Amino acid sequence: MTNTAANSDNSKNFINIERPWKEMLSGSVASITLTFVIVIALGLILVGPRFLSFSNVSIMGNYLIIPLVVGAFAGFALLSGVVDLSIGSMVGFSTALMALLLNQDWGIMSAGLVTLVFCMFFGGINAICIVGFGAGPIPTTLGMLTALRGITWLICGPAYTIPAFNLKLFTIVNHRFLGIPTFFLVGLLLTLIITLIVSKSRVGRHIKAVGGDEQAAERAGISVKGVRVLALILSALGAGIGGIIMVAQITSATRMAGFGLEFEVYAALMIGGYSILRGGVGNPLGGALGILVVGALGNVIDLTASSSYYTNIIVGILLLSAVYLDRLRGGDSYD
Amino acid sequence: MRLEHAIKPESSMSTLLWLRFRAFSAPIFLLTVWLLLIIATAIYRPDFISYQTLLAVVFTMSIVGVLAIGQALVTISGGFLDLSQPSCLIFASFVSVKLSEAGMPFIIVILGAIITGVIVGAINALIIVLARLNPIIVTLATNFIGLAVLFLLFRAAEVPIGSEIHTFGRAYFLGLPATWWPMLILIFIVGLLIHQTRYGRQTIAVGGNLYAAQTRGISLKKTRFLIFSIAGGFVGFAAILFCSASGPFNSDSANILQLNVIAAVILAGISLEGGRGHLWMLFLSVGLLSTVPTSLVFFGLSSDAQAIFQGLILILAVTFDGYRSRKVTL
Amino acid sequence: MTKFIKTFVFSVVGIFLISSSANAFKLGMAVGGHACCEWMKSQGDVARAIAEKKGWDYFELSNEGDSATSVKNAQLFVQEGVDAVIQFNGEPGTNAAIQQILGAAGIPVVTYDIAEEGMYFVGIDNLGAGIAGGEGLGKLVKEKWNCEPDLVVSAEGAGAGIVNTWRTGGMRTGLGNICPDIPAEKYKSFESNGDAAAGLAPARDLLAANPDAVRIAVVGLNDGGVLALVNAAEQLGRADEVMAWGQDGAFITGDNVNPRLVGSVFYFLEGYAVYAIRDVIDGIAAGNPPPVKWEAGDPASQVKPCPATAAEAQLVPVEAERVKQLLAAPIGTTAYDLFCAN
């Protein structure tokens with residue numbers, strides 16, 4: 001999909017994560033950082049000082065826990081050059097299975113473990129088809145998206161929703177640390193850890209290499225298949241964790257849980273500098289900032305009493321702008 | 001194909017036949033699966049073979065078929081996927097409703113829908129060509145924006161009962177639905193034209209090998225702009241088929257169609273890489289995909305289970321496609 | 001000196017404004033936000049108009065048909081300091097979490113149509129409305145077909161959860177009340193998603209799987225759902241003896257009504273705010289909150305369903321017109337008072 005001519009200009013495509021602060025001020029993360037600052041400023045202007053109050057930040061944070069966690073893991077897959085579009089349905093499936101088990105009086109730990117194992121199983125199926133058989137990631141994961149949604153419906157079954165109000169889980173997930181939701185801080189911490197892994201560790205370098213130039217990575221002795229399988233399973237794992245968090249937050253499983261989440265997450269990740277068609281580019285920090293930007297925008301729209309559909313329009317425009325900026329910087333050019 | 005077969009003179013005939021068979025293996029495969037499905041369902045419930053079943057399948061084929069033509073054109077030309085078909089379809093349907101309500105003759109309504117589709121396609125095309133951005137991302141973004149605009153525009157719309165378009169959606173021609181014949185004709189005409197006309201071959205060339213196409217002097221920008229606009233026109237026409245019988249629809253009504261369309265294009269052997277494929281195969285793939293839900297109903301499966309099957313079929317199709325193209329390149 | 005006077009004046013004005021806005025009652029509303037339904041938007045419009053008439057502050061959010069969003073909205077209401085919340089929550093699984101959040105903040109909640117312990121219930125008894133609709137259809141089935149339909153099709157909308165069970169199931173019950181001898185195998189269902197366009201293909205498949213059925217009675221989640229089957233039957237050339245009875249009355253008013261839609265049950269959903277405000281919010285605003293009646297059978301405010309045959313429905317104006325008339329009428333007049341013939 002990438003032209004060989006653009007590949008020769010690869011140095012611009014690779015993100016220098018070794019110096020995160022430098023990265024924030026120049027490079028692809030610069031634009032998302034700028035966007036982030038602009039949105040915060042807009043929020044302060046249009047909404048007022050309460051935009052950055054502990055309460056409001058907590059509300060945004062609470063809502064963004066799942067996109068952050070799912071996005072962090074999905075970002076891994078993007079870096080290695082595969083896109084997993086089934087993450088939304090995977091979250092829904094995880095929600096349904098977790099709620100079902102909790103309803104059957106399973107313990108939180110065992111229910112969570114079984115749910116995650118099943119999610120990784122489906123991630124494994126994605127991996128077999130995409131890596132083993134060479135199926136295109138987009139249509140394969142689209143198919144998995146549909147199939148998983150059907151499975152979710154079957155699990156929710158005639159009850160349509162599975163109530164799973166677990167007070168312990170609810171308290172855990174709503175716990176606040178210094179006024180900010182703990183899990184939101186955990187999500188940010190996770191992003192930082194993943195940024196470190198991607199920039200400092202050998203595993204991270206391998207992942208980026210596989211995404212950036214498959215053949216070079218192969219020649220360097222990196223198992224392209226191994227990395228991609230790992231990435232897809234991690235993506236499914238992240239979605240599974242997201243689903244468990246969702247059960248804790250909304251205290252139930254619904255048929256439509258996670259519906260459309262993949263588009264929200266990937267749009268936000270792309271605004272943050274990732275590419276769903278080109279591996280090796282993108283920065284977990286940028287991805288997280290992208291998700292924060294979209295969340296903050298939604299919050300501004302909510303608090304200024306505008307229709308929430310305007311958020312979609314702005315996100316669409318942001319997405320186009322982000323991809324355009326990326327191209328101007330030497331990214332993948334469609335010609 | 002092994003070397004011995006190539007050099008043994010007495011087997012040159014069988015070689016030719018083998019090559020011919022390979023070329024037709026994809027349509028034969030689809031046809032076989034389709035027939036097996038029909039036979040399996042008929043064994044379970046003999047009344048599956050009936051005029052009513054044929055009608056049910058054929059009606060479903062109409063809309064998906066025309067949409068698949070638009071999608072296939074984009075894919076073959078190297079545009080990967082057009083994810084904005086749902087919003088384009090609803091825009092064109094909305095325009096059709098407004099024109100019908102104003103009492104316009106049917107031909108004007110059709111033209112209005114097609115022109116709306118072309119305009120939406122052209123907007124996509126402009127962004128893709130001028131900003132040089134990947135069509136998947138562009139159409140993803142425009143769909144997002146389009147659906148939001150549609151929601152702000154209206155919540156429910158319906159063609160007037162008794163209008164020409166309303167009648168068209170329920171009319172028959174030669175025993176088959178009036179909405180199906182345009183699909184049939186379009187699939188075969190476009191399938192033919194794309195290989196026989198210079199413009200069509202240029203489109204495929206652009207999808208296949210950019211540099212070769214450019215060296216031959218084909219204008220990438222012009223070809224791409226035209227292809228996306230034309231594809232939009234097909235979606236516009238599909239809107240007529242859609243809203244003629246849909247009753248009241250809203251901005252989200254067309255979202256479920258997208259997956260079937262993509263599955264149809266891939267099953268028809270039109271590779272997402274571009275530059276390969278025969279559009280007339282869409283007839284087989286759309287036919288198969290339209291028969292599956294009906295079969296499942298005859299088997300007594302719920303719609304929840306249907307979704308699982310649809311997803312599975314797409315996964316299997318794509319996996320097989322990937323496996324096959326890998327074998328070819330290795 | 002002038003600086004001192006300016007500061008003084010501004011402070012006084014400021015304090016006045018702040019205190020008066022602190023005194024103004026603030027009503028929060030979470031509308032359903034699904035794409036399908038005009039009434040969801042109208043519910044917000046009517047609530048806003050009434051709040052404005054009463055001099056209240058009004059803060060509206062959309063649940064966007066999404067569970068996570070409905071929980072987020074509850075938190076936003078707490079932050080924005082609303083004094084009461086009205087919600088339509090299409091994903092009622094989250095009501096427990098929402099009640100936790102708003103309850104902990106001491107904010108009373110009115111919820112429409114789907115009961116949750118601790119929330120004031122304002123709305124229809126969906127089960128009763130279903131039964132009423134089923135009985136209306138049953139009367140016609142008895143009169144025209146001697147209680148012998150070939151098929152009774154249910155247009156389900158599983159996404160609506162318990163509301164689907166009540167309405168669609170209730171309709172089957174109501175039909176069975178009038179025509180108890182219809183054998184069980186004549187009852188078939190298909191998934192319409194409550195949307196005529198989306199349900200068209202599944203409806204066709206169902207009809208194909210029952211090729212000999214001529215006399216078809218149709219019940220379902222709403223007008224859109226049953227219309228899916230009617231349109232499918234028209235396409236397959238089998239609509240001559242199809243009788244569909246809907247719910248919510250969305251597509252049975254105006255001049256574009258399908259003749260096979262023989263009846264529906266109006267809820268006048270757009271006007272729910274009248275009930276909510278009259279019977280619950282007014283009391284809260286006056287410092288006199290009514291007892292929390294959360295059960296559908298014993299609601300804080302009962303909205304009466306208005307079953308109507310197609311002929312009766314012709315006398316009912318379309319929704320946009322109804323909203324206008326409702327807002328022009330004296331506060332407290334319900335849509336039922338204005339528009340229900342029975």
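This is a predicted model: local features need pLDDT of at least 70, side-chain atom pairs count only at pLDDT 80 or more; totals for chains, interfaces and linings use all residues.
1. Let me start with chains A and B. Their contact draws on 37 residues of chain A and 38 residues of chain B. On the chain A side, two elements contribute two or more residues each, namely α7 (137-156) and α15 (309-328) of chain A. Of the elements on that side, α7(A) gives the most, with 13 residues. Sorted by class, the side of chain A that touches chain B holds 22 nonpolar, eleven polar and four charged residues.

2. Chain C also touches chain A, with 22 residues of chain C in contact with 22 residues of chain A. Which elements of chain C give two or more residues to this side? They are β2 (57-62), α3 (67-79) and α4 (95-104) of chain C. The largest share, seven residues, belongs to α3(C). Here the chain C side splits into ten nonpolar, eight polar and four charged residues.

3. The sheet in chain C is worth a look while you have the model open. This sheet is open and has six strands, ordered β7-β6-β8-β9-β10-β14, and the pairing is mixed. Because β7 (187-191) and β14 (306-309) of chain C each have a single partner strand, they stand at the edges, and one side of each is left without a neighbour in the sheet. On average, neighbouring strands are turned by 20 degrees against each other, ignoring direction.

4. As for β7(C), helix α7 (residues 200-209) of chain C lies across both β6 (151-156) and β7 of chain C, and runs at about 150 degrees to β7(C).

5. In chain B, please look at helix α4 (residues 85-101) and helix α11 (residues 220-245), whose axes come within 8 Å and cross at roughly 60 degrees. That angle is why α4(B) counts as oblique to α11(B). The crossing of α4(B) with α11(B) is right-handed. From α4(B), the contact uses B:Gln85, B:Cys88, B:Leu89, B:Ala92, B:Ser93, B:Ser96 and B:Val97. The α11(B) residues include B:Gly232, B:Gly236, B:Ala239 and B:Phe242. In total, this helix contact has ten nonpolar residues, five polar and no charged.

6. Helix α13 (residues 261-271) of chain A and α15(A) have axes that come within 8 Å and cross at roughly 40 degrees. The two helices are therefore oblique to each other. What is the handedness of the crossing of α13(A) and α15(A), left-handed or right-handed? The crossing of α13(A) and α15(A) is left-handed. A:Ala267, A:Met270 and A:Ile271 of α13(A) meet A:Val315, A:Leu318, A:Leu319, A:Ala322 and A:Val323 of α15(A). By class, the contact has eight nonpolar residues, with no polar and no charged ones.

7. One link between these points may be handy as you browse. Helix α15(A), which packs with α13(A), is also among the elements that give two or more residues to the side of chain A that touches chain B.

Note on methods:
Residues are numbered from 1 along each chain as its sequence is written. Chains are lettered from A and ligands numbered from 1 in the order in which they are written. Two residues are in contact if their C-beta atoms, placed from the backbone, lie within 7 Å. Helices (H or I, at least four residues) and strands (E, at least two) are DSSP runs, numbered from the N terminus. Ala, Val, Leu, Ile, Met, Phe, Trp, Tyr, Cys and Pro count as nonpolar, Asp, Glu, Lys and Arg as charged, and the others, Gly among them, as polar. Two strands pair if DSSP finds at least two bridges between them. Axes are lines fitted to C-alpha atoms, for helices over the stretch in contact, and angles run from 0 to 180 degrees between N-to-C directions. Angles under 35 degrees count as roughly parallel, over 145 as roughly antiparallel, 65 to 115 as roughly perpendicular and the rest as oblique. A crossing is left-handed if the near helix is turned anticlockwise from the far one by less than a right angle, and right-handed if clockwise.
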